[in-house]
Amino acid sequence: MKLISLLVVSVLFSSPFVSADSEKKGLAIAVEIDKRDTGFGDTTANMTMLLKNRHGQESTRYIRLRTLEVKGDGDKSMSIFDRPRDVKGTAFLSYTHKQGSDDQWLYLPALKRVKRISSRNKSGSFMGSEFAYEDISSQEVEKYTYKYLKDEACGVDTCFVIERDPVDELSGYTRQVAWINKKEYRPEKIDFYDRKNTLLKTLTYRDYQQYRGQFWRANEMFMENHQTGKTTLLKWSNYKFGTGLSARDFNKNSLKRAR
Amino acid sequence: MWLRVLFILVFINHSTLGSASDGEWSGYIAAEWRTFFESPTDVAQHGDTTSLSAQAEYYREWEGGKKSFRFTPFVRIDGRDSQRSHFDIRELNWTSVHDDWELTAGIGKVFWGVTESQHLVDIINQTDLVESTDGEEKLGQLMLKLSFTRDWGDVDLFLLPGFRERTFPSRIGRLRSIAAVDVGHAEYASSQGQDHIDAAVRWSTSFGDWDVGVSHFSGTSREPRFRPELNGGRTILIPIYETIDQSSLDLQATKDDWLWKLELISRSGQGDRYTAATAGFEYSLYGIFESSVDLGIIAEYLYDDRKEAASTPFEDDLFLGARLAINDEASSELLAGMIVDLDNNSRVMSVEASRRIGDNWKINLEARFFSNIDNKDSLVSFENDDFMQLELAWYF
């Protein structure tokens with residue numbers, strides 16, 4: 001009896017990690033997430049970052065974001081910094097690609113200089129926050145391999161729990177475990193495991209709102225670093241879809257006059 | 001001239017009202033303390049000094065940013081050097097953006113180039129030398145700028161009326177040539193003098209990992225040559241601004257952790273045609289020692305085919321630098337570098353560091369050391385001007 005239950009338990013726990021079915025199902029979930037978020041065209045939004053360290057000291061950043069959906073490739077995006085005030089006017093232009101490294105330019109307003117920068121710094125901190133560049137850049141299906149793990153209750157809904165492993169060896173993570181809302185195919189929570197496979201951070205999505213009857217955007221994203229005790233709260237506001245942005249609004253000239 | 005432009009711009013602003021954003025002001029006020037480690041070369045030159053500077057920017061836009069107006073005045077009040085005390089309109093311009101072209105009229109600032117140690121290609125704006133010897137601070141330039149965006153790249157056309165003279169420290173100022181520059185009596189090769197209208201054109205584009213710019217400037221040289229003159233028993237330098245033609249190329253290849261850079265110019269009009277170049281790389285190491293700290297290693301070779309006759313001290317020099325970005329909440333940064341003359345071993349070392357304090361304050365540290373300067377090197381005039389400066393700035 002004992003032996004049988006042990007056998008059942010071991011089968012239950014080991015099978016999802018080895019079966020090709022779990023990989024297929026994981027990928028299917030990722031493809032469905034991507035499909036449901038396809039067709040947004042372009043968006044603009046305001047973002048407030050609230051950084052808090054272990055001692056409770058806070059600092060704030062204000063950033064405005066513009067995103068353009070690119071058919072057949074990763075999105076183009078521009079981030080414009082309003083605060084802290086010493087970096088006001090600094091702007092960041094990024095062309096993400098499904099394959100190969102992204103193209104990135106930084107505009108420094110004091111010198112009026114546009115600098116092409118290396119996009120290899122994926123695991124680096126974005127603006128001193130707990131978000132790495134790879135956490136905030138366009139999430140393309142091709143950037144991970146997937147495994148479906150299980151179903152689990154998440155709040156009032158049920159979630160798929162999937163593991164996604166970054167394809168890029170420069171990623172700061174060995175794996176991420178994501179809770180995906182089964183009904184809406186949107187992430188509710190992601191655990192990030194560092195290069196030593198230790199739990200590093202947890203990202204929680206809160207207060208989802210649906211736009212244009214299709215696109216879900218969280219009003220708050222809360223990242224907690226379990227190793228340092230630091231947290232970053234992203235608050236989104238003023239989301240707009242279909243504002244008429246085009247590729248012309250995502251080039252070096254528009255970067256120079258970004259406001 | 002400037003007043004007339006201001007009136008035109010204000011008029012345009014009021015006549016194009018529509019879906020206007022609220023105008024907004026931002027900027028900073030800074031206090032600077034500079035200390036020199038040695039007695040000056042000339043007893044007339046001052047010692048430690050303090051100064052105050054401020055820059056404000058007013059920005060307003062219409063039609064969702066298709067039309068915009070920008071006004072950026074700057075002022076410095078220096079405790080010792082009356083010529084370092086100055087006021088300048090960095091920007092006062094109006095921009096109109098269309099589908100594939102845009103127009104900027106007024107006083108503006110433009111940067112061209114890719115390298116770190118010197119900026120050969122950057123030529124539109126005059127250097128505000130009293131602000132910093134690194135040549136990165138610029139005076140506002142009156143311009144009409146027309147930009148086209150095409151699939152094959154961006155084209156910028158410039159008309160540049162109203163030449164600005166380079167600023168220089170006064171006779172009592174530090175970091176000056178051994179004979180002081182007589183700013184009030186500049187001479188021009190062109191009979192039109194300061195009224196000569198300069199022109200420039202630039203094509204730039206990115207393809208894949210490559211960013212490239214090709215430019216041509218025709219007009220009054222931003223960099224003067226000097227004629228020594230005896231004035232009341234003292235030698236002074238009269239700046240001579242010649243009419244030049246400068247063609248240039250700037251190139252950057254972004255290959256993973258390596259940025260490969262080249263700036264190349266060919267200039268005629270100041271004696272024989274000459275060629276100068278800066279070429280090198282920046283290599284980045286991310287998250288060193290399992291921390292959040294990034295380290296950039298920079299190496300550039302500085303060349304001028306006029307050799308010893310070059311108007312800059314960098315004719316056969318090597319720049320080595322390191323850039324540290326701590327990536328903390330305070331955005332702490334450090335850039336340390338050294339330029340060595342490969343012929344005579346003269347060395348300039350510099351350190352720049354900064355960090356934010358709270359949300360609105362920033363502290364900047366800058367130091368420069370001139371060592372082993374050869375008597376024939378043009379840096380010899382700075383030989384005793386090793387300095388360190390601390391600046392505390394409040395942003396609004």
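In chain B, E8(B) and strand E12 (residues 234-241) run parallel and are joined by two bridges; strands here are DSSP runs of E with at least two residues, helices are H or I runs of at least four, and both are numbered from the N terminus. Two strands count as paired if DSSP finds at least two bridges between them. This is a predicted model, where local features need pLDDT of at least 70, side-chain atom pairs count only at pLDDT 80 or more, and totals for chains, interfaces and linings use all residues. Residues are numbered from 1 along each chain as its sequence is written, while chains are lettered from A and ligands numbered from 1 in the order in which they are written.

- Three strands of chain B make up an open sheet, in the order E8-E12-E11, and the pairing is mixed.
- Its edge strands are E8 (187-188) and E11 (225-231) of chain B, each of which pairs on one side only.

- Strand E4 (residues 86-97) of chain B is tied to E5(B) by six bridges, and the two run antiparallel.
- The link between E4(B) and E5(B) is a hairpin through three residues.
- Where does Thr95(B) find its bridge partner in E5(B)? That partner is Thr104(B).
- E5(B) also pairs with E6(B), antiparallel again, over eight bridges, with Gly108(B) opposite Gln141(B) in E6(B).
- Strand E5 (residues 101-108) of chain B is mostly covered, with six of its eight residues buried; a residue is buried if 20 or more other C-beta atoms lie within 10 Å of its own, exposed if 12 or fewer, and partly exposed in between, with C-beta atoms placed from the backbone.

- Nine bridges hold strand E9 (residues 198-207) of chain B against strand E10 (residues 210-220) of chain B, in antiparallel fashion.
- That pair is a hairpin with two residues between E9(B) and E10(B), and Gly208(B) in the turn takes a positive phi of about 60 degrees.
- Phe207(B) faces Trp210(B) in E10(B).
- E10(B) goes on to pair with E13(B), antiparallel, through 11 bridges; here Asp211(B) stands opposite Gln252(B) in E13(B).

**Where the chains meet**

- On chain B, 36 residues are in contact with 24 residues of chain A, contact meaning that the C-beta atoms, placed from the backbone, lie within 7 Å.
- Which elements of chain B give two or more residues to the side that touches chain A? They are strands E2 (49-62), E6 (141-150) and E13 (243-255) of chain B.
- By class, that side of chain B has seven nonpolar, 13 polar and 16 charged residues. Nonpolar covers Ala, Val, Leu, Ile, Met, Phe, Trp, Tyr, Cys and Pro, charged covers Asp, Glu, Lys and Arg, and the others, Gly among them, count as polar.

**Chain A overall**

- Chain A has four helices and 13 strands.
- Its C-alpha trace spans about 75 × 45 × 35 Å along the principal axes.
- With 259 residues, a compact globule would have a radius of gyration near 18 Å, and the 20 Å of chain A agrees; the radius is taken over C-alpha atoms, and the globule rule is 2.2 Å times the number of residues to the power 0.38.
- Of the 259 residues of chain A, 36% count as buried.
- Among contacts in chain A with a separation of 6 or more, 43% come from residues 24 or more positions apart.

- Arg186(A) lies in the loop between strand E9 (173-181) and strand E10 (187-194) of chain A.
- Why does Arg186(A) count as buried? Because 20 other C-beta atoms are within 10 Å of Arg186(A).
- Leaving out residues up to four places away in sequence, Arg186(A) touches Asn181(A), Tyr208(A) and Trp216(A).

**Nonpolar cores**

- The largest nonpolar core has 42 residues, and those with the most contacts inside it are Ile29(A), Met78(A), Ala91(A), Phe160(A), Ile162(A) and Ile180(A). A core is a set of buried Ala, Val, Leu, Ile, Met, Phe, Trp, Tyr and Cys residues joined through C-beta atoms within 7 Å.
- Apart from that core lies another, of 17 residues, including Ile107(B), Leu142(B), Ile265(B) and Ala276(B).

**Confidence**

- The complex gets an ipTM of 0.92 and a pTM of 0.90 from the predictor.
- Chain B averages a pLDDT of 93, and 95% of the residues score at least 70; pLDDT is the predictor's confidence in each residue, from 0 to 100.

Conventions. Contact = placed C-beta atoms within 7 Å.
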